[in-house]
Amino acid sequence: MNSDTIKTGTERTPHRSLLKAAGFSDSQLKKPLIGIVSTYNEIVPGHTGLRDITEAVRDGVLSAGGTPVVFNTIAVCDGIAMGHEGMKYSLASREIIADSIECMVRAHCFDGLVFIPNCDKTVPGMLMAAVRLNIPSIFVSGGPMLSIGGMDLNSCFEAVGKVKAGLWTEEQAKYCEDNACPTCGSCSGMFTANSMNCLCEALGMALRGNGTIPAVYSARKILAKNAGECIIPLIKADIKPLDIITQTTLKNALTVDMALGCSTNSVLHLDAIAAEAGLDFNLAMVNEISENTPNLCHLAPAGPHHIQDLHAAGGVYAVMNELAINGLLDRSVMTVTGRTLGENITGAAITDENVIRKFSNPYSKTGGLAVLFGNLAPGGGVVKRSAVASDMQTFSGNARCFDSEEEAIEAIYSGGIKKGDVVIIRYEGSAGGPGMREMLSPTSALMGMGLDKDVALITDGRFSGATRGAAIGHIAPEAAAGGVIAILRDGDIINIDIPNYSISVNISEEEIAARFKNRQPKMLREVKGCLAKFRKAVLDEVN
């Protein structure tokens, strides 16, 4: 066993003494040491219930003959961090999560790992750690919160815009505040957290229901016990993350992503996971898969359904089986069950075709995401096209340029944005922000004020998975790295053509060169600590 490094032989007498000081008996030390990595804390609603999930995993590990060892890592709530300086720490936390787990596992020589993430960066951060460490691992999330009356967190963000526009009263917004997030769990739409938890099933790293069983269902605890039990057979069979997450698996996951209509952030995270695993990932591949994969689900924010509805309709396995029987998934890939994907999903049926449509009757013939290229974004920009109104799939408008999210929000709330405008938010990228903030506040403000079919928004930052409308993020190169977005001016005509994967500005190459020549470089905001390290890593990569 890997743990023999710290517990076997006379030379390890001091190590065993310390383990006994922590309460481990001789009989426990003869069994596999299973690290249970939890992101439990008392402020993130998706994580407040993880103590119970952790205990259920412990029960599973014990019943299967292992010795459970719990440790924690951090988690940032993107909703609470949204719209202020705290959001700069969200993406940076992904790297800290991966690094902190690497430190714990390498230092203490676990035989296997059960990862318990839930919200946003915890899932990709843990997946990055899993492939980096490459010891037998399995994932079980804390599950989504319920939606009551069709509301979710996004309803609250849009309520702000409605109040500002005089469409709602403060009392209506207060009702939304009190009822939109009624239980613990990750926010109830196909936002980033639920996107990644569903994709854990598609990647073969989690059991059926990982992405969809609501947090408050008893079935969630049973799933956690099953995950704890599964880690021991994985160790015995020596099935590791890099045996499961392969180039073929990555393509499967992107295909499921397109069918489900996942968050634009899933592209960012799958790219990072692929990099850790040494796999190829490029944005052209995203469009290739999107072009050939129908969008089968319109979950919030794209439509009225929530994750609990997806679960009741057959869940991720039903979506995967529908894709597989139509030739879009490779069934042969290995999973944490010790069986192939094909063996796992056989017989998984769609039970509600209003929530999961058949392959022959999709919401659209193309996938939920698209990457746009052009002189405004030579390196690409990502849009959740399944959440864009048909009238906005192609759009031309006048640029309104802002050098921060705060400036843009002020203009939106003050009525400074008009129909036909394209809001440009720059210097919010990975280096410019730094941290590549999600910007649910400005997009929700536009929605709440009724401008979703008349105004587009483009940024080198990111959007929450809860964002809907013609919101195009991840513009590359970003402004801080010398991207064209840095030299846009108010009144420039911006052309968006989602069906043809295009985004451009109506100025010549000569004019672009002239603007760069005459441009005064913008001083980046001074930062310290982990944000300074994050910015340096990004700029080193760009340079």
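**Figure 1. The second largest cavity.** A cavity is a set of grid points where a 1.4 Å probe fits but cannot get out. The model shown here is predicted. The second largest cavity holds about 70 Å³ of space. Its lining is made by Thr264, Lys384, Ala387, Val388, Phe463, Ser464, Gly465, Thr467, Arg468, Gly469 and Ala471. Sorted by class, these lining residues give 4 nonpolar, 5 polar and 2 charged. The count of cavities of 30 Å³ or more comes to 3.

**Figure 2. The largest cavity.** The volume of the largest cavity is about 200 Å³. The lining of the largest cavity has 23 residues. Nearest its centre lie Asp78, Gly79, Asp120, Leu153 and Cys187. Helix 5 (78–81), helix 8 (153–164) and helix 10 each give at least two residues to the lining of the largest cavity. Its residues comprise 14 nonpolar, 6 polar and 3 charged.

**Figure 3. The largest pocket.** The largest pocket contains about 1200 Å³ of space. Its lining has 38 residues. Arg94, Leu268, Ser430, Val538 and Glu541 are the ones that lie nearest the centre of the pocket. Six elements can be traced around the view: helix 6 (88–108), helix 7 (122–133), helix 14 (265–277), strand 6 (377–383), strand 10 (471–476) and helix 22 (529–542). Each of them supplies at least two lining residues. Helix 22 gives the most, with 7 residues. In the lining of the largest pocket, 21 residues are nonpolar, 7 are polar and 10 are charged.

**Figure 4. Helix 8 packed against helix 9.** Two packed helices are described by the angle between their axes and the distance between the axes. For helix 8 and helix 9 (residues 170–179), the angle is about 175° and the axes lie 9 Å apart. Angles over 145 degrees count as roughly antiparallel. Helix 8 and helix 9 are therefore roughly antiparallel to each other. On the helix 8 side, the contact uses Ser155, Cys156, Ala159 and Val163. On the helix 9 side, it uses Glu170, Ala173, Cys176 and Glu177. The residues of this contact split into 5 nonpolar, 1 polar and 2 charged.

**Figure 5. Helix 10 crossing helix 17.** Here helix 10 (residues 192–202) meets helix 17 (residues 315–325). Their axes come within 10 Å and cross at roughly 55°. Helix 10 and helix 17 are therefore oblique to each other. Their crossing is right-handed. Helix 10 makes the contact with Cys198, Glu201 and Ala202, and helix 17 with Val316, Tyr317 and Met320. By class, the contact of helix 10 with helix 17 has 5 nonpolar residues, no polar residues and 1 charged residue.

Figure 6. Most residues other than glycine have a negative phi, and most peptide bonds are trans. The bond that joins Ala300 and Pro301 is cis. Its omega is about 15°. To find Pro301, follow the loop between helix 15 (283–292) and helix 16 (307–312).

Figure 7. A cis peptide bond runs from Gly433 to Pro434. Omega for this bond is near -15°. Pro434 sits in the loop between strand 8 (421–425) and helix 20 (440–448).

**Figure 8. The backbone at Cys109.** Cys109 is not a glycine, yet its phi is positive, at about 55°. The residue belongs to the loop between helix 6 and strand 3 (112–116).

Note on methods: Residues numbered from 1 in each chain as written. Predicted model: local features only at pLDDT ≥ 70, side-chain atom pairs only at ≥ 80, totals over all residues. Heavy atoms only, no water. Axes fitted to C-alpha atoms, helices over the stretch in contact; angles between N-to-C directions. Helix = DSSP H or I, 4+ residues; strand = E, 2+ residues; numbered from the N terminus. Parallel < 35°, antiparallel > 145°, perpendicular 65-115°, else oblique. Left-handed = near helix turned anticlockwise from the far one by under 90°. Contact = heavy atoms within 4.5 Å. Nonpolar A, V, L, I, M, F, W, Y, C, P; charged D, E, K, R; others polar. 1 Å grid on protein atoms, 1.4 Å probe; cavity = no way out; pocket = protein on both sides within 12 Å on 5 of 7 lines; lining within 4 Å. Points joined across faces, edges and corners; volume = space filled by probe spheres on them.
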